[in-house]
2 protein chains.
Amino acid sequence: MRDKLKLYLVTDSDILKGRDFYKCVEDALKGGVTIVQLREKKCLGKEFLEKAYRLRELTKKYNALFIINDRVDIALLVDADGVHVGQKDIPAFEVRRLIGKNKILGVSTRTLEEAVKARNDGADYLGVGAIFATNTKLDAEHVSINKLKDIQKSVDIPIVAIGGLKLDNIDMLKECNVDGYAVVSAILTADDIYNESKVWVNEIINKGC
Amino acid sequence: MRDKLKLYLVTDSDILKGRDFYKCVEDALKGGVTIVQLREKKCLGKEFLEKAYRLRELTKKYNALFIINDRVDIALLVDADGVHVGQKDIPAFEVRRLIGKNKILGVSTRTLEEAVKARNDGADYLGVGAIFATNTKLDAEHVSINKLKDIQKSVDIPIVAIGGLKLDNIDMLKECNVDGYAVVSAILTADDIYNESKVWVNEIINKGC
Ligand code: NI
């Protein structure tokens, strides 16, 4: 699982500049993202489920992992690879009760305390951020590189950095040897999503980070 | 199950005039509501789950049924008696896959076509409305008494009327012999929720409707 966290795409339907949602995600998958999280804070269950079925097929086609944000019921229906929850969603240990041992559980954390609790509650990986300022509202609170390092030292599960990551600001993350780089706008607002994903793959996978 | 649908309370946290949510629901249960649907369109999973656990205990204490709106995952975690979905939520047949045969499945319907489909997809009861104009935004579209009768003739599962029901406008519903009367503001905005519930019980249960 750890290898598959490397280039982690989180969806955001609102930043696609009118382009087709599935085409954008497929371009990112073609370009090499290794895992996709479907994150739909606005849409209701029926539409969310439809998107989840489509992305389940697309991620299978490109051999990427597929994670659902928040809605465990939808993750179960489409047989996603896992669920990702934030601090205001269903608590991690409750999610684990529903998904069993074999599905992946990711938890967003901002503090060492949250990180340790998430690990103890059954998280398989942590999303830590926002590392940098972000416009996508994924994480309002800033997490310093020092705090990221503290979490890495204290928690033995993979860590995905998230929040404002750009090709020109991830050197510090490379030095930290984070397990995954979560991107939203860096890839989804690119004019050429396929090519931008390939550039990221080259930067964080091929260069051996 | 049919008998338990009679006085059906749908929660709305926004109309309680600053009063405690749990106190309001417990007053309604003391007064005699037979089923409670937790409907929380705004709050996130953690808070929704906390409310669901509390209402699960309260409904057990007063021997009422407990239904969760929309979130099947939360219904499973708290072992609610069932799930209620609208036309924009996870489709009924998918909900049934998750909850199994023994939990109750309710579906909001406005047309004969939706009603027949919901029954065929595994619904145990239908919520039909809005019968009257409503301020709680539960159902924007109006359903006439004639359409309600058409649905009753065509669908053999219990029907709960919803939308703007008040003590002074339910005579037509009594004549239709609906199985349940769903109320939101009629009970939750009452100054004395306990007493108002008792009045409703007297009106629609004790009088033998
Ligand atoms: Ni009418």
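These are my notebook entries on a predicted model with chains A and B.

**Ground rules.** I number residues from 1 along each chain as its sequence is written, with chains lettered from A and ligands numbered from 1 in the order in which they are written. Since the model is predicted, local features need pLDDT of at least 70, side-chain atom pairs count only at pLDDT 80 or more, and totals for chains, interfaces and linings use all residues, while side-chain values use heavy atoms, with hydrogens and water left out.

**Entry 1, the barrel.** I started with the sheet of chain A: a closed barrel of eight strands in the order 1-2-3-4-5-6-7-8, paired parallel. Strands here are DSSP runs (E, at least two residues), helices are H or I runs of at least four, and both are numbered from the N terminus. Two strands pair if DSSP finds at least two bridges between them. Neighbouring strands of this sheet are turned by 25° against each other on average, direction ignored. I then checked strand 1 (residues 7–10) of chain A, which pairs with strand 2 of chain A over three bridges, in the parallel sense. V10(A) has Q37(A), in strand 2 of chain A, as its bridge partner.

K41(A) is partly exposed, at 41% relative accessible area (buried is under 20%, exposed over 50%, partly exposed in between; 1.4 Å probe, protein chains only). Leaving aside neighbours within four places in sequence, K41(A) is in contact (heavy atoms within 4.5 Å) with N69(A), D70(A) and D89(A). With N69(A), the K41(A) side chain makes a side-chain polar contact of 3.2 Å. A polar contact is a pair of N or O atoms within 3.5 Å; within protein, one must be able to donate a hydrogen and the other to accept it, and residues adjacent in sequence count only if both atoms are side-chain atoms.

I looked up E203(B) in helix 9 (residues 193–206) of chain B. E203(B) is buried, at 17%, and its side chain joins that of K174(B) in a polar contact of 2.6 Å.

Conventions
Least-squares fit on C-alpha atoms with pLDDT ≥ 70 in both. Axes fitted to C-alpha atoms, helices over the stretch in contact; angles between N-to-C directions.
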